[in-house]
Amino acid sequence: MVPDPVSRHTARSSTWNEVCQAFHLVDRADLSVVEEHMPPGTSGESHVHARSRQFFQVLSGTGTLTVDSAEVQVPAGSGIEVPPRAQHHMRNDGSEDLVMLVVSCPRVPGRPHARRPRRGAEEGTRLVVGSYLRPTRVGDLDAVVAFEEAGDTRQFLGQGGREWHTAALTDEDMEHWVLVDRLDQVMAFGILAGLRTGTVVEIRRMVVAPEGRGQGLGRLLVRQLLEHALANPAVRRVWLDVSADNTRARSLYRTVGFVERPAPPDATLLDNGVYLEWSTAPPTLDR
């Protein structure tokens, strides 16, 4: 009996590191074939397979494969074999998505290509299940400002600081929200602006706590902010801007349905900001 053709549109799919996608084309104990999509700036975790031999075939983009202590550039149209017991990981240092086929014989158990959770992340994963969005309180601002001042976050932001956030809490044109866990601990925050116009809303800022990254909080936050913005039936467009250098955030926004477009005259962007707009059919905003 001839099996039916399979593609990424019909295969089981999964997401890792929040923005990377895997389409499981063949998923048997003796063999697996997975189509992997890695946005710019993403990387797998270095790992070893005791028994599995793998072949990485790059379909588009360019991957950088580290095998033991050596690095190899793998351009589109080429592939590379990784034997068992070799320490390895793939990353995308390019400016376009890396799409590749990963063939493993036998199948690799678990999710070895995803980054391992940071210390405390196992607890964070459980807490994400009960996370919800609520209006920000003055008492939350210490955490909010601390998230902004994290070394790898400040470079991507414009205005900020406690006074700026205090003013935002009372600004009728803004809504300030925090994402909290079931113990009411602040894990992330977001700000909606432009509420007085009625038709166009800006997601002015969203930041996840450093210890909460890699747990799906960014995706949850942007979806819930979208949900609140679109609760007003008059809203026709939701937009945001992000630093051109922040490739991880740009990839996250694209997966939720934002599209990079030329900025309209009324949009004020960061110095190196990229304008993204959400105006298509609403995605599934499941919590």
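In which hand, left or right, does α4 pass α5 in their crossing?

Reply: Happy to walk through it. A word on the source: this is a predicted model, in which local features need pLDDT of at least 70, side-chain atom pairs count only at pLDDT 80 or more, and totals for chains, interfaces and linings use all residues. Residues are numbered from 1 along each chain as its sequence is written, and side-chain values use heavy atoms, with hydrogens and water left out.

To your question: the crossing of α4 past α5 is right-handed (the near helix is turned clockwise from the far one by less than a right angle). Helices here are DSSP runs of H or I with at least four residues, and strands are E runs of at least two, numbered from the N terminus. Helix α4 covers residues 217-229 and helix α5 residues 247-256; their axes come within 10 Å and cross at roughly 50°. That makes α4 oblique to α5, since angles under 35 degrees count as roughly parallel, over 145 as roughly antiparallel, 65 to 115 as roughly perpendicular and the rest as oblique. The axes are lines fitted to C-alpha atoms over the stretch in contact, and angles run from 0 to 180 degrees between N-to-C directions.

On the α4 side, the contact (heavy atoms within 4.5 Å) is made by Gly218, Arg219, Val222, Arg223 and Leu226, and α5 brings Leu252, Tyr253, Thr255 and Val256. By class, that gives 5 nonpolar, 2 polar and 2 charged residues; Ala, Val, Leu, Ile, Met, Phe, Trp, Tyr, Cys and Pro count as nonpolar, Asp, Glu, Lys and Arg as charged, and the others, Gly among them, as polar.

Within α5, Ala249, Arg250, Ser251, Leu252, Tyr253 and Val256 are buried (under 20% relative accessible area, with exposed over 50% and partly exposed in between, using a 1.4 Å probe and protein chains only). Their cover includes β13, α4, β14, β15 (259-260) and β16.
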